[in-house]
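Please open the model in a viewer and keep the selection tool at hand. The stops below follow one another as a tour.

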Amino acid sequence: MRTFLCLNYGSSSLKYALFREEELLLKNKVPLGGEEKLEESINTIREQIIQHPEVILHRVVHGMNYESPMPINSETLTVLERLAHINPLHNSIALEGIRISLKLFETSHHYAIFDTDFHKSIPEYCRVYGVDYDLYRQGIKKYGFHGISYSYLLKRSIRLLQKEKPNLIMIHLGQGCSICAVKAGTSVDTSMGFTPLEGLLMVSRSGDIDAGVILHMLRLGISPEDLERKLYRESGIKAICNASNFEELLILREKKDERAVLAFESFVYKLFKYIGAYWFLLEGDLDALVFSGGIGENNPELRERICQRLNFIGVKIDQEANKENREIISSQDSSIKVFVIKTDEEREMVNIFKGKH
């Protein structure tokens, strides 16, 4: 029986899980203190696992047009280096983690699992940006992210609905936030684009922004490097009200902090706007609304606010079920199901690998 170690590199933590085929043996996470602390973190993981893994699966956020699982060797490491220049926040950490793991687990087989794979069904007219078409030929287009999470959420929704090809609006709300429209079981649009900066307002990322704002910031003398840092790490909710996470935002909002109230209302508004656009895209034929991610799974008030505004399309929730974060929170008379699904990216990484091996 094969053993799998899954390394899930996030923007603030490294999640890991050890499986023996389907059986979960160990699951935990360690905080990330930057690339300089990564080797220490992976060494900690190596000391905790009970047996040497045959296969190590690395979550890599941006895969462009490459397919998962990608075997990692000297040739594909060069590919991963190129991808790290496109999405430095996540890919550079994953790349360094892969290099360290290749040394610490030199007898294991290493593979990259890309977040972008799930969205390859998105039509080209949705992917293209209105810029120089030569850039499009070079790969400058929408890719979409959180794909490993959405893959898991789709499979779980299929089981809950007992419908093989459902129409869904799936929402992943964590440090990074995105939303995905699924039609007949395939992704047809998602809010994140060429990088994980586009789309919803996020904790420290800007989400949708007029490109003219970026040009203006450059004219003000902000260097490209500083601009990149600001957009990834110092924008979004953090920029509006100086809250470093969603829990802190809620505390400030409870104290009637005006900027925290503004940040929360903006977060809800932009999320609601995307839900409306995707409901229209699905022509009103929606089987379920799915909440996930740390914020989506654990914030009943946010879910209630969104679902109340969706009463006009038949969404109704069970208040008690919502407060208890149950998996199904829609009431029996709701024409659209509402799920709160705890995502499991590590298990889905194993499922993706086993689907092709």
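Select Phe4 and Phe353 to begin: both residues are buried, a term that means under 20% relative accessible area, with exposed over 50% and partly exposed in between (1.4 Å probe, protein chains only). The model is a predicted one, in which local features need pLDDT of at least 70 and side-chain atom pairs count only at pLDDT 80 or more, while totals for chains, interfaces and linings use all residues. Residues are numbered from 1 along each chain as its sequence is written, and side-chain values use heavy atoms, with hydrogens and water left out.

**Aromatic pairs**

Rings of Phe, Tyr and Trp (its six-membered ring) pair if their centres lie within 6.5 Å; planes under 30 degrees apart count as stacked, over 60 as edge-to-face and the rest as tilted. By this rule there are nine aromatic pairs. The ring centres of Phe4 and Phe353 are 5.6 Å apart with the planes at 65°, so this pair is edge-to-face. Phe4 belongs to strand β1 (residues 3-9) and Phe353 to helix α15 (residues 345-356), so the pair ties together parts that are 349 residues apart in sequence. Helices (H or I, at least four residues) and strands (E, at least two) are DSSP runs, numbered from the N terminus.

Next, select Phe246 and Phe267. This pair is tilted, at 5.2 Å centre to centre and 50° between the planes. Phe246 is in helix α10 and Phe267 in helix α11, 21 residues apart, and both residues are buried.

**Helix α10**

Now show the whole of α10 (residues 246-254). Which of its residues are buried? They are Phe246, Leu249 and Arg253. Viewed down the axis of α10, these buried residues fall within an arc of 50°, so they line one face of the helix; the arc is that of the directions from the helix axis to the C-beta atoms. They pack against α9 (236-241), α11 (258-281), α12 (293-298) and α13 (300-309), where contact means heavy atoms within 4.5 Å.

At the N-terminal end of α10, select Asn245, which caps the helix: a side-chain oxygen lies 3.2 Å from the backbone nitrogen of Glu247. After the helix comes Lys256, with a positive phi near 65°.

**Charges over rings**

Arg253 also lies over the face of Phe264, at 3.8 Å from the ring centre. Likewise, Arg309 lies over the face of Phe272, at 4.0 Å from the ring centre. A charge sits over a ring if NZ of Lys or CZ of Arg is within 6 Å of the ring centre and within 35 degrees of the ring normal.

**Cysteines**

Select the cysteines. A disulfide is a pair of cysteine sulfur atoms within 2.5 Å, and by this rule the count is zero. The sulfur of Cys126 is 10 Å from the closest cysteine sulfur, in Cys180, which is too far for a bond. Cys307 is in no disulfide either, the nearest cysteine sulfur, that of Cys177, being 16 Å away. Cys126 is buried, with a relative accessible area of 19%, and Cys307 counts as buried at 1%.

**Ser334**

Finish at Ser334, in the loop between α14 (319-323) and β11 (337-340). Ser334 counts as buried at 11% relative accessibility. A polar atom of its side chain lies 3.2 Å from the backbone oxygen of Gly314, and a polar atom of the Ser334 side chain lies 2.6 Å from the backbone oxygen of Ile336. Not counting residues up to four places away in sequence, Ser334 touches Gly314, Val315 and Lys316.

Conventions
A polar contact is a pair of N or O atoms within 3.5 Å; within protein, one must be able to donate a hydrogen and the other to accept it, and residues adjacent in sequence count only if both atoms are side-chain atoms.
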